Amino acid sequence: MTAQGAPSTFRGEAEATLAFAIAGGVGALVGLIVFWGRPSPLWSGWSVGAVAAIAAGALALIAAYVAYWRSRYAPAQQWRLSIPSWKFILDSTVVAVVHAALVMIVTVALFVVLQRAFTGLLADAFLAAVSIGLAAGLSAYWTSISCQTITTQRMSTLLVAYMLMSVFASMLTVSDPLWWEYHFSQLGSFGDGSASLFNITLIVAGGMVVAFSVYIGRDLQLAVDQGLLTRKKTPRTVATLFVIMGIMLAGVGAVPVPVSEPLHVAFASGMFAVFIGMLIAARRLFDGLPYTVHIITWIFLAAIALTVVLFWPIGYCNLTALELVAFGLIFGWIVVFIRFETASRESATVAPATND
């Protein structure tokens, strides 16, 4: 196994290093051109950090597409060759966009910290070129490595990381500091850049949940083939539920409250209802998985019920807290469930070899 996997690993590392070199060179060239003869702060409006974030995001987007496209031919990823073209296009697009968004947010945060650490520093063209080149190169390298080895666990982790970082960015830049007194969706209601970021985040996250359905459906089918799951319809049923939740999550961002509050509420409530329904039916859907999975599911259900009671009738928390906790529990359960389901399949695969 190691001998067979070595060439593929070496090729992946080589391609990621090449992505680093190309993106770093392009980023450095952009820095020289933009800031030649014009000293600029590390972060403040149109600055070195702003150009670095744009360059890192654009080049990471390209690196993600290339790496994700080529990785289909790797031994562990060849199953993706059989999925419909539209699903693969959606899959690759949301994966690329999420990687680009993550590296842009991290790049901005890094340059904000550097600006505060080096107060008053003005970067010349050479320093700007080096900074932008490194940001773009490292972003392309990480993106290439990440997209070469996409798994269900990695997809779920990327989804949660993207949601957390983007939503926190919206919170930090929102124009009304008292937004939390209303509801979570208030972040997308102001018609400014912060609101656009929030709404786009939900749309992209919805697309990623739809793409994620392909992975979780395949994992559950493997569990059926191994005899872990007793219901043969579970993979298709769960994948369909994730598609519905993804579409509704995207709808929440596509139709903010100022556009149509009833439709916005319908999308949000529908997604939550589908998720609750899946948890309630989990004992039957996932029959055959270790009982720990069902206990954890019941704990998540109890946590949701407790949060709802604290909102009404007790009135301890407001609607924003209820929505934040609900979103956290939805994505938290997805991550935990995927880890347990994967561990169950791997244990079932190793067990026969151990007994022999």
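Is Thr-307 buried or exposed? I looked this up to begin with, and at 11% relative accessibility Thr-307 counts as buried, where buried means under 20% relative accessible area, exposed over 50% and partly exposed in between, with a 1.4 Å probe and protein chains only.

Before going on, I note that this is a predicted model, in which local features need pLDDT of at least 70 and side-chain atom pairs count only at pLDDT 80 or more, while totals for chains, interfaces and linings use all residues. Residues are numbered from 1 along each chain as its sequence is written, and side-chain values use heavy atoms, with hydrogens and water left out.

I placed Thr-307 in helix α10, residues 291–311; helices here are DSSP runs (H or I, at least four residues), as strands are (E, at least two), numbered from the N terminus. Leaving aside its neighbours within four places in sequence, I found Thr-307 in contact with Cys-317, Leu-322 and Val-325, contact meaning heavy atoms within 4.5 Å. I then turned to Thr-234, which is found in helix α7, residues 234–254, and which counts as buried at 0% relative accessibility. With neighbours within four places in sequence again set aside, Thr-234 is in contact with Leu-220, Leu-229, Leu-285 and Phe-286.

**Aromatic rings**

How many aromatic pairs does the structure hold? I read off 12 aromatic pairs, and rings of Phe, Tyr and Trp (its six-membered ring) pair if their centres lie within 6.5 Å, with planes under 30 degrees apart counted as stacked, over 60 as edge-to-face and the rest as tilted. For Phe-184 and Phe-198 the ring centres are 5.3 Å apart and the planes stand at 90°, so I recorded this pair as edge-to-face. The pair links distant parts of the chain, 14 residues apart, since Phe-184 is in the loop between α5 (152–173) and α6 (193–225), and Phe-198 is in helix α6. Phe-184 counts as buried at 4% relative accessibility, and Phe-198 is buried too, with a relative accessible area of 2%.

I also looked at Tyr-291 and Trp-298, an edge-to-face pair with 5.7 Å from centre to centre and 80° between the planes. Here Tyr-291 is partly exposed, with a relative accessible area of 46%, and Trp-298 counts as partly exposed at 39% relative accessibility. Returning to the phenylalanines, I noted that Phe-184, Phe-198, Phe-327 and Phe-331 form one aromatic cluster.

**Arginines over rings**

The charged end of Arg-72 sits over the ring of Trp-69, 4.2 Å from its centre; a charge sits over a ring if NZ of Lys or CZ of Arg is within 6 Å of the ring centre and within 35 degrees of the ring normal. I found that Arg-80 lies over the face of Tyr-68, at 4.1 Å from the ring centre.

**Helices α3 and α4**

I next looked up how helix α3 (residues 85–117) and helix α4 (residues 125–148) pack, and found an angle of about 145° with their axes 10 Å apart, axes being lines fitted to C-alpha atoms, for helices over the stretch in contact, and angles running from 0 to 180 degrees between N-to-C directions. From α3, Val-95, His-99, Leu-102, Val-103, Thr-107 and Phe-111 meet residues of α4, including Ser-131, Ala-135, Trp-142 and Cys-147.

**Residues distant in sequence**

Which residues does Leu-90 contact, leaving aside its neighbours within four places in sequence? I found Gly-207 and Val-210, and the C-alpha atoms of Leu-90 and Gly-207 are 7.3 Å apart in space although the two residues are 117 residues apart in sequence. Leu-90 lies in helix α3 and counts as partly exposed at 27% relative accessibility.

I placed Leu-159 in helix α5, where this residue is buried with a relative accessible area of 2%. Not counting residues up to four places away in sequence, Leu-159 touches Ala-205, Met-208, Val-209 and Phe-331, and its C-alpha atom is separated by 9.4 Å from that of Val-335, 176 residues apart along the chain.

Most peptide bonds are trans. The place of Pro-313 is in the loop between α10 and α11 (319–355).
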